[in-house]
Structure formats: C-alpha cells, structure tokens
Amino acid sequence: MAENKKANLHMMHAEDCVVSGNTDLTYNIMFNLYEFLQDKACHPFNLTIKYDGAPAIFAWSKFPGLEKPGIAMKGLFNINPVIYTKEADIKDLPEDLMYKLKNFLKHLPKIPANEIWQGDFLFDDKTVKFEQIENERKLIFHPNTIVYVVPKELETDILAAKVGVVWHTRYRGKSLKEAIASYDFDEYTYKHKKCPEIFMIDAGVNGAKLGYFSESEQRILDQRFNRALNLNNTFKSAEYKNLILNEDFISYFKMYQNYIIKEKCSGLNVEEFMTFISHKFDKEVESRKSDKGKIAVIQKCNELLTLVKVSEHIIKLMMIQINNFTAIKEIFLLKLNEYTIFDTYLKYVQGKFDTFEKMKNGEFRKTGQEGFALSDKDGNVIKLVDREEFSYANFSPNVLKGWSKM
C-alpha cells in the first residue's frame, strides 16, 4: 500500500522531475515499472489509470471531524472545509454540477467507517447518450476531453445509474489535517458496491495480464535508462540546485514547455527558450504605462537571459534528460494502453471503455487513455501522460470538450 502524510499530494509528470529536483526518485519508480512490466520483479507500488473525469468528488460515511455522511469537492481540505451533508447545502453552483452532486448525495454509497474516498465524476443520467461511432450505435459518456465508449455488457448498469464515479484515492487518519492518502483501490469498490444508482469503478490496473517488450523496445529502454542514470549524476551539482531554486527560471521554463506542446514544436532548445523569454517580456513591457515600469521589466528580462546564458550547459543537459524520460514514458504508454485496452483492467465488471476524441466537425478520433499514475510505498506519485496527444487535445479548439455547448 502506498501512503503519504499529506492529504493534498502533488502529482507531477515524470519528465517534470528535472525541474523539480526529483530525478533519482523518478528514475527509481520508472525502473521499477520497467521490471514489473517485464515480469522480472514485483515492486511495492500502485499503477492506476488517469481517467479524464470531472469534477473531483470526495465522499464519506463516517470520519473524525465529519459528523454526518457527506460529500465535497476541492474545498474539503480548506481551513474551513466546504462540505455537503444535505441537498439544501448544494447551491450557488452551475445547474448541471448541482444535479450531479444532489444525485450522488441522495444515493451516497456505504463507504467504510473512518475513510474518505476521492474520485472523479464520469457521467450522470442526463449526459449518457448513444452516438454513431465507427459505423455502430454506441453508448458514450464525455466528461471532459476524452469520450468513453461503454461496452455492451455494461450498458444496462450504466443506463440504470444516476451517477458514475471512478475512485482513485482513499484517506484515513485521526482528522482531516492528519489524513493519509493511499492508492490501493484495486477490487475495493466492487467488494463494497451496494448501490445500483451509483456506478462505481476504481482506477487500479495492478493484476492485469502484462505484455512483454520486444527485443528492440528492450534495447532502447536499456539505453535510455543507462543514459538517465548517468545524467542524474550531473544534477547533483550546486549550479543545477541553484538554478531550479530560481522561481523566475522555473516559471518561464514551464511556460516554454507548455508552449512547445501547444504549438507542436520539434523539441526543447536553449536558443529558442531565450527567444521565448524575450517575446514574453516584450509583451509585458508593452503593457506597462510608465518608463519606470518598463525599465524594471527590461532589467528583469536581462537578468533571466543572463542566467540562462551562463547556465546554458546545465540547461542543455536538463533538456536532454527531459527528452530521455519522455522517450521512456512513450514506450511505457504504448505498452500500458495496449494491455489495459485489450486485456482485463476492468475484469471485475467484465468490460472495458474504448477512448475517443470528438472533433469540431463531428468526427470521433481514436485516442489512448489520458495516462497512468505510479505511486511508490512512500506515497510519491508520478504521472505518465502523452502530453503531445492529451495535453494538446486539451488546448486544441478542434477537440470538443464534454462541457462544451457546441
């Protein structure tokens, strides 16, 4: 069981470890997955699918400090928690969201005492519908970016449900402040499912039949892991540690990464990064009305560009490592999507959801899962997401979102 002492655990993309200073940790988790997928070792970690549900939901029957059964959204862990224990509490929210919350609260499943479950809404009885996909009439739900196609054997259950939820995290502890997160939901929801009005699945894929890597995939992964290990030694220098502590550098570097994804550029490049910084600051200079304000922005820009130029060597190595972890991740995603789609990650309900994107022109385009999450025994979590596909789809106006009115 993977646990963490912080209830609001931050999940980072595997490749983002390079800018967060967690390269060794990410290497270890990913290498453990590599051995697991080869059936060479069984490491103490949990592997879950990242479903593209929305919004997030928390639920409990009895928990210290929460006197009545109830539900919450992201405000649960506020200093003053925002919780709903009766329908009258649910107000001043969008109508469709209130409908989901009220139905869920009305049919709240019996969650084990002293636990809080966290998950994501998948659908309600107003958002499940039939569509023509690949020349077949198929039942779908479309909570966010990804369209999920319901297998025939699940249609009856889903059409009968008022709300559908996927669970991925449990919290236990003496209070909300001390709640500990765990990611061991495999089979758990099925043992406790007693409410047909709430369709429940969990995100776990542990126990699914594994596929094996081909010789060429193994050769590439071995090379990539060796390179990653060697590069990690570079990131123990004071120069690197000081660089990633610079908030301006990290902020603009992350913006540059998102820009590369959004614009589908060829890859990370130091010279292009400096050009990106200059353009961003040019816009900020234009927005300032006073000469003093403009000078301050220009000075800040020059300081950041100087830092990048002085640290060019280590930044290039960071970019190489990001590309390296991304290449490893992409091979993993091919394998994980392959066996989770075609084998038994939903074996307990004898079904699976195929995944599509709905385009602006009405077409449905096949896509993979949003991604996967890996958590180790200490509660460290990394995300494996095809950012060129899924993150681009999030940005793209050509991909319709489930909440779109178009």
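Ile-158 touches Phe-123, Val-128, Leu-139, Phe-141, Val-150, Phe-199 and Phe-353, leaving out residues up to four places away in sequence. The model is predicted. Its protein chain has 406 residues, of which 52% count as buried. The secondary structure comes to 12 helices and 17 strands. Among contacts between residues at least 6 apart in sequence, 71% join residues at least 24 apart.

**Nonpolar cores**

- The largest nonpolar core holds 78 residues. Ile-158, Phe-249, Phe-332 and Phe-353 touch the most other members.
- Helix H11, residues 312–342, gives the most to this core, with 12 residues.
- In soluble globular proteins, nonpolar side chains tend to be buried together.

**Helix H8 and its partners**

- Helix H8 covers residues 247–262, and helix H10 covers residues 291–310. Their axes come within 10 Å and cross at roughly 85 degrees.
- An angle from 65 to 115 degrees counts as roughly perpendicular, so H8 and H10 are roughly perpendicular to each other.
- On the H8 side, the contact uses Asp-248, Phe-249 and Tyr-252. On the H10 side, it uses Lys-300, Leu-304, Leu-307 and Val-308.
- By class, the contact of H8 with H10 has 5 nonpolar, 2 charged and no polar residues.
- H8 also packs against helix H9, residues 270–287, at an angle of about 105 degrees. The axes of H8 and H9 are 10 Å apart.
- H8 is therefore roughly perpendicular to H9.
- H8 brings Phe-249, Tyr-252, Phe-253, Met-255, Tyr-256 and Tyr-259 to the contact with H9. H9 brings Glu-272, Phe-273, Phe-276, Ile-277, Lys-280, Phe-281 and Glu-284.
- The contact of H8 with H9 divides into 10 nonpolar, 3 charged and no polar residues.

- Helix H2, residues 23–37, has 15 residues. At 1.5 Å a residue it should span 21 Å, and its end C-alpha atoms are 21 Å apart, so the two agree.
- Thr-23, Thr-26, Tyr-27, Ile-29, Met-30, Leu-33, Tyr-34, Phe-36 and Leu-37 are the buried residues of H2.
- An α-helix has 3.6 residues a turn, so residues three or four places apart point the same way.
- Helix H3, residues 95–106, has 12 residues. From first C-alpha to last, H3 reaches 16 Å, close to the 16 Å expected at 1.5 Å a residue.
- Buried in H3 are Leu-97, Met-98, Lys-100, Leu-101, Asn-103, Phe-104 and Leu-105.
- The buried residues of H3 pack against E4, E5, strand E6 (83–84), strand E7 (116–124), E11 and strand E13 (198–202).

- Phe-63 sits in the loop between strand E4 (56–60) and strand E5 (70–72). Its relative accessible area is 3%, under the 20% cut-off, so Phe-63 is buried.
- Phe-63 and Ser-175 are 112 residues apart along the chain, yet their C-alpha atoms are separated by 7.6 Å.
- Beyond four places in sequence, Phe-63 touches Asn-114, Glu-115, Ile-116, Tyr-171, Arg-172, Gly-173, Ser-175, Leu-176 and Ala-179.
- Val-166 lies in strand E11, residues 163–172. With a relative accessible area of 1%, Val-166 is buried.
- Val-166 and Gln-118 are 48 residues apart along the chain, and their C-alpha atoms are separated by 8.6 Å.
- Aside from neighbours within four places in sequence, Val-166 contacts Tyr-51, Gln-118, Gly-119, Asp-120, Leu-122, Ile-201, Asp-202 and Ala-203.

**Backbone geometry in loops**

- The peptide bond from Ala-54 to Pro-55 is cis, with omega near -5 degrees. Pro-55 is in the loop between strand E3 (45–50) and E4.
- Asn-114 is not a glycine but has a positive phi of about 65 degrees. It lies in the loop between H3 and E7. At 39% relative accessibility, Asn-114 is partly exposed.
- Glu-134 also is not a glycine and has a positive phi of about 50 degrees. Its place is the loop between strand E8 (129–133) and strand E9 (136–141). Glu-134 is exposed, at a relative accessible area of 54%.

Definitions and conventions:
Residues are numbered from 1 along each chain as its sequence is written. This is a predicted model: local features need pLDDT of at least 70, side-chain atom pairs count only at pLDDT 80 or more; totals for chains, interfaces and linings use all residues. Side-chain values use heavy atoms; hydrogens and water are left out. Axes are lines fitted to C-alpha atoms, for helices over the stretch in contact, and angles run from 0 to 180 degrees between N-to-C directions. Helices (H or I, at least four residues) and strands (E, at least two) are DSSP runs, numbered from the N terminus. Angles under 35 degrees count as roughly parallel, over 145 as roughly antiparallel, 65 to 115 as roughly perpendicular and the rest as oblique. Contact means heavy atoms within 4.5 Å. Ala, Val, Leu, Ile, Met, Phe, Trp, Tyr, Cys and Pro count as nonpolar, Asp, Glu, Lys and Arg as charged, and the others, Gly among them, as polar. The expected span of a helix is 1.5 Å times one less than its number of residues. Buried means under 20% relative accessible area, exposed over 50%, partly exposed in between (1.4 Å probe, protein chains only). A nonpolar core is a set of buried Ala, Val, Leu, Ile, Met, Phe, Trp, Tyr and Cys residues joined through side-chain atoms within 4.5 Å.
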